[in-house]
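Biologist: I am new to this structure. Please take a close look at a single part of it, and then connect what you find to other parts.

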Amino acid sequence: MSFKDKILSSFIALENEVDTETYAHQLRNEALASFEELGIPQRKEEAYKYTSLKSLFDKDYSLFPKKETAIEYGDIKPYLIHQIDAYRVIFIDGIYSSHLSETTHDKFDVCLMSSALNNPKYIPVIEAFYNKLAPKDGLTSLNTAFAREGAYISIGKNIAVEKPIEVVYFSTGNESTLMTQPRNLVVVGENSQVQIIERHQSLSDNHVLTNSVTEIFADKRAMVDYYKIQNDHLNASLIDHTSVEQKSDSEVRLHTFSFGGALTRNNLNFYQRGEHCNSILNGVTIIEGKQHVDHSTLVHHTAPNCESYQQYKQIFDDKAVGVFNGKVLVDKVAQKINAFQQNNNILVSDKATINAKPQLEIFADDVRCSHGCTIGQLDEDALFYMQSRGIGKKEARALLMFAFANSVLESVKIPEIKSRITKLIAKKLGVEIGFDL
């Protein structure tokens, strides 16, 4: 049975378990028809020219977990930022774990997507924001058709959320091959602030594919600080779609740290819908072996007097493959824009590959826009100088790589996140570092 045939038969099974009279199920039916038409993206499409998804969808995935797996806090503690007090929304094989989570409905809502989709209280927000921003391609349509669970975060006006929100999806390996399709919706009201940490993590070496969709709406003067930590097992792959809409005077910072997994594809789209918006997209990628990480970004400036800043630092070893496809689009009315995009890459091995395509499309005439891309190796003179001062070659290489990534880490606002990422980089480079950047 082909993957598409399995999807169609599985959708019939899904309809037996959900309320088919809801607004969400109407969207499911429309999305299934869209998936039938569009299918899985192919390499002949420009956006996937350097990333083949064929091998991912050749496997016979279980689309619905057969049973819940008992997981205790000690099993997942290493993957949480447990040094900080946080709201937590934890999922095990796509199923919400109440005893591992801490949600709230007090001054704002941090809860489950399933609750929001089926509770009349949340229908106004769902109808206003759900599935309004995600791009309509085959994979997002597949997610819309099958998504049943995820994080629902809705914050009203004038609220500063006092502690971060961790959203973590664990795969236990209870299924030999599992495909999960989480769906997250984040709505942040006027003058409100929130910090969010997202992670997808396997707890075994079994094959797992995650097709995730997140929509983020930042209203006027809202501030969103979002972190994605990607450091999974080598039999896990992630296709992530995150779309952000900003209103006037809002600021959204999104950091992506990619260290693990077989194949990771990050689709990140920002849409500025008002003046004086600030969009910050930062990323650090360090991969080796036959790992593959693809960052595809878009910042669409549709209003004047806005800023955007993109900086992606990447290190590739062995036969690792990287892709960076970054696009800045400036509409004719978007005058006095300040847009910066930079992609810097180090190839540690002669067999490593990076395919980079920075792009600017500017239809306004009073803007300051720049983009750049560098591909090279470590500075041999700097390496020799450090060795001449008694630093071992391995440690010297690691320190140079830390320095290379430091400009991205400097923008991390949560100290515990910065410490965790520093330790992950040290582990990835195989050294012990006695300090945090």
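**A loop residue, and then the rings**

Modeller: Asp318 is found in the loop between strand 16 (307–316) and strand 17 (321–330); helices (H or I, at least four residues) and strands (E, at least two) are DSSP runs, numbered from the N terminus. This is a predicted model, in which local features need pLDDT of at least 70 and side-chain atom pairs count only at pLDDT 80 or more, while totals for chains, interfaces and linings use all residues. Residues are numbered from 1 along each chain as its sequence is written, and side-chain values use heavy atoms, with hydrogens and water left out.

The backbone of Asp318 has a positive phi of about 55°, although Asp318 is not a glycine. With a relative accessibility of 36%, Asp318 is partly exposed, that is, between buried (under 20% relative accessible area) and exposed (over 50%), with a 1.4 Å probe and protein chains only.

Arg221 is found between strand 9 (207–218) and strand 10 (223–230). Its phi is near 60°, a positive value in a residue other than glycine, and Arg221 is partly exposed at 38% relative accessible area.

Next come the aromatic rings. The structure holds eleven aromatic pairs (ring centres of Phe, Tyr or the six-membered ring of Trp within 6.5 Å; planes under 30 degrees apart are stacked, over 60 edge-to-face, the rest tilted). Among them is the tilted pair of Phe64 and Phe146, 6.3 Å centre to centre with 35° between the planes. This pair links distant parts of the chain, 82 residues apart: Phe64 sits in the loop between helix 2 (23–38) and helix 3 (73–76), and Phe146 in helix 6 (residues 138–146). Phe64 is partly exposed at 24% relative accessibility, whereas Phe146 is buried at 6%.

The ring centres of Tyr87 and Phe108 lie 5.7 Å apart with the planes at 90°, so this pair is edge-to-face. Tyr87 is in strand 1 (residues 87–92) and Phe108 in the loop between strand 2 (95–96) and strand 3 (109–112), so the pair ties together parts 21 residues apart in sequence. Tyr87 and Phe108 are both buried.

Tyr87 also has a charged neighbour: Lys163 lies over its face, 4.5 Å from the ring centre (NZ of Lys or CZ of Arg within 6 Å of the centre and within 35 degrees of the ring normal). Over the ring of Tyr48 sits the charged end of Arg265, 3.9 Å from the ring centre.

Returning to Phe64 and Phe146, these two form one aromatic cluster with Phe11.
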